[in-house]
Amino acid sequence: MIEFHSVTKRFPDGTLAVDDFSLVLPSHKTTVFVGTSGSGKTTLLRMINRMVDPTSGSIDIDGDDIGTLEPVKLRRGIGYVMQNSGLLPHRRVIDNVATVPMLRGMPKKKAREEALALLDTVGLDRTLADRYPSQLSGGQQQRVGVARGLAVNPNILLMDEPFGAVDPIVRAELQQELLRLQQELGKTVVFVTHDIDEAFLLGDQVVILRTGGKVAQVGSPAEILANPVDEFVATFVGADRGKRSLHVENHGDGDIVVDETGRLAGVLVDAGSSGHSSAASSESKAGPRGPGASAQGGDSR
Amino acid sequence: MTWIWSNLDLVWDRTFDHLVLSVPSIILSFLIALPFGWLAHRYRTSRAVILTTVGLLYAIPSLPLFIVLPFIVGTSIRSPLNLIIALTLYGVALMVRVVADGLGSVDRDVQQSATAVGFSGWTSFWQVELPLAGPVLLAGLRVVAVSTVSLATVGAVIGAQSLGSLFTDGFQRGIQAEIIAGIVATVLLALVLDALLVVIGRLLMPWTRPSAIGVTSRHDVVAREVTA
């Protein structure tokens, strides 16, 4: 469990990135910070592994104030995945994954063994182990990034817009992969994104931030969709544009789901027969996982 | 040509003398430039001071330096040590800026991510920043190597033995072949050292090879190594 207690961060140039932020991030759940640039979401994430120290307030991990912990040691125990993978370009894939365990003193052979197994976990072919990051596609690099983040088997996984730089099809794949992994591993995931659909898809708890690190609304995707607290949140989730208000029209061939702007959002199928989100196009469906949305929202309460 | 064949031993000896002067100077200038380059890269105030100082260093004319240096460090004027110190100073003058620029060329995202996953300051310097600055360092070192080899010939004027002695001797005694042999051997030596640096660079920085495609054959090795 990660707890923010009245955390404020003012940078030396006077910018207030985070203003009196308090929140509990439950264990084994995914919390997503979502907001536009300048909303302090990345700053919040980086405070968890002390890449950034708060100006005032404190952060506890499982009851320990991290301000009292040694930053390097703290970071070696927390998984970190960033945009553009952040892989070391001069090390082969397998050595990138083995990096942190080796920093913690694991023998090279064992670290490499475990790294190979992790490639399987994130769905990468072992034949890629000996490549350099520049020889991989963007999606493959991100998978390596996730494998590296998981390498020390951390309780906490920090993900800073990890899928921001890959194309939409690969992004959707990686998102599903992360959901699958999360179901297996049950990490405490903190995920930063500016994409509200990604936030609703991945988050058990979604934190919508406005400029200056102020919380606009915290809740499950279903709660936020059903009751946006104000104009800002409604605009952010697209409810004001009718993007989230769907109705069914019969076009003869079948039932088509349409949003208020008249855009076709998908087709209506039986809840039982639909897979994940295959029924609706990824960007305009009503809930994070189509019919399963409310059930998922209920989990996190 | 006949001069060369009959004096091959002499050419070899002078080549060896030349190596003794230039190789330690090249290595020393690299090692000395590292901490200064790091300082210049790390702190803005030290950057201006250090880079200006080393810039001025390079402006000192070589011949007077060879003559003045013994008075400062107490070596004899013809001692190879005297020349090595002078050559090292010029190498440092070139290399410090290269080190600073090389370290500055490392992708900030990569540095940040190294910090984020738990590299400490020093580990990050040795394992991330220095290797990634490698290609720039190598480019600088190649310039230093070639310039040191060529500068070492000047020592002949003050009587320190090197390939330069072949020109001075050939000039005094009017043996054209000896002069040419000196020039050709100097150029060849510079080329050989340069090629050697390129090879070392390839070995130390395999990720910079355009064809890091020998991958398919090597992954089996790792896979076997690991499963064994």
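User: How many helices and strands are there in chain A?
Analyst: Chain A has 10 helices and 13 strands. Helices (H or I, at least four residues) and strands (E, at least two) are DSSP runs, numbered from the N terminus. Please note that this is a predicted model, in which local features need pLDDT of at least 70 and side-chain atom pairs count only at pLDDT 80 or more, while totals for chains, interfaces and linings use all residues. Residues are numbered from 1 along each chain as its sequence is written, with chains lettered from A and ligands numbered from 1 in the order in which they are written.

User: And what are the counts for chain B?
Analyst: Chain B has 10 helices and 0 strands, and its pattern along the sequence reads α-α-α-α-α-α-α-α-α-α. Its C-alpha atoms fill a box of roughly 65 × 50 × 25 Å along the principal axes.

User: What share of each chain is buried?
Analyst: In chain A, 46% of the 301 residues count as buried; in chain B, 33% of the 228 residues do. A residue is buried if 20 or more other C-beta atoms lie within 10 Å of its own, exposed if 12 or fewer, and partly exposed in between, with C-beta atoms placed from the backbone.

User: Turning to records, what does UniProt list for chain B?
Analyst: The unreviewed UniProt entry lists "transmembrane region" for residues 20-41, 48-73, 79-100, 136-159 and 179-200 of chain B. UniProt positions are given in the numbering used here, feature names are shortened, and annotations may be inferred rather than shown by experiment. In the model, residues 20-41 of chain B are 100% helix and 0% strand, with end C-alpha atoms 32 Å apart. Residues 79-100 of chain B are 95% helix and 0% strand, and there the end C-alpha atoms are 32 Å apart.

User: Which annotation covers residues 2-237 of chain A?
Analyst: An unreviewed UniProt entry gives "domain: ABC transporter" for that span of chain A. Residues 2-237 of chain A are 38% helix and 25% strand, and their end C-alpha atoms lie 26 Å apart.

User: How many residues of chain B are in contact with chain A?
Analyst: There are 23, and they meet 27 residues of chain A. Two residues are in contact if their C-beta atoms, placed from the backbone, lie within 7 Å.

User: Which helix gives the most to that side of chain B?
Analyst: Helix α6(B) does, with 7 residues. On the side of chain B that touches chain A, α6 (108-117), α7 and α10 (215-227) each supply at least two residues. By class, that side has 15 nonpolar, 6 polar and 2 charged residues. Ala, Val, Leu, Ile, Met, Phe, Trp, Tyr, Cys and Pro count as nonpolar, Asp, Glu, Lys and Arg as charged, and the others, Gly among them, as polar.

User: Within chain B, how do α2 and α7 cross?
Analyst: The axes of α2 (residues 8-42) and α7 (residues 121-152) of chain B come within 9 Å and cross at roughly 145 degrees. Axes are lines fitted to C-alpha atoms, for helices over the stretch in contact, and angles run from 0 to 180 degrees between N-to-C directions. The contact involves residues including B:His18, B:Leu21 and B:Phe30 of α2(B), and B:Leu141, B:Val144 and B:Ala152 of α7(B). The residues of this contact divide into 8 nonpolar, 5 polar and no charged.

User: What about α9 of chain B, which of its residues are buried?
Analyst: They are B:Glu178, B:Ala181, B:Gly182, B:Thr186, B:Leu189, B:Ala190 and B:Leu193. Their cover includes α1 (2-6), α2, α7 and α8 (164-173) of chain B.

User: Back to chain A: where is A:His28, and what is its phi?
Analyst: A:His28 is in the loop between β2 (16-25) and β3 (30-34) of chain A. Its phi is positive, about 60 degrees, although A:His28 is not a glycine. Most residues other than glycine have a negative phi. A:His28 counts as partly exposed because it has 13 C-beta neighbours inside 10 Å.

User: And A:Asp62, buried or exposed?
Analyst: A:Asp62 is exposed, because 12 other C-beta atoms lie within 10 Å. A:Asp62 also has a positive phi, of about 45 degrees, and is placed in the loop between β4 (56-61) and β5 (64-65) of chain A.
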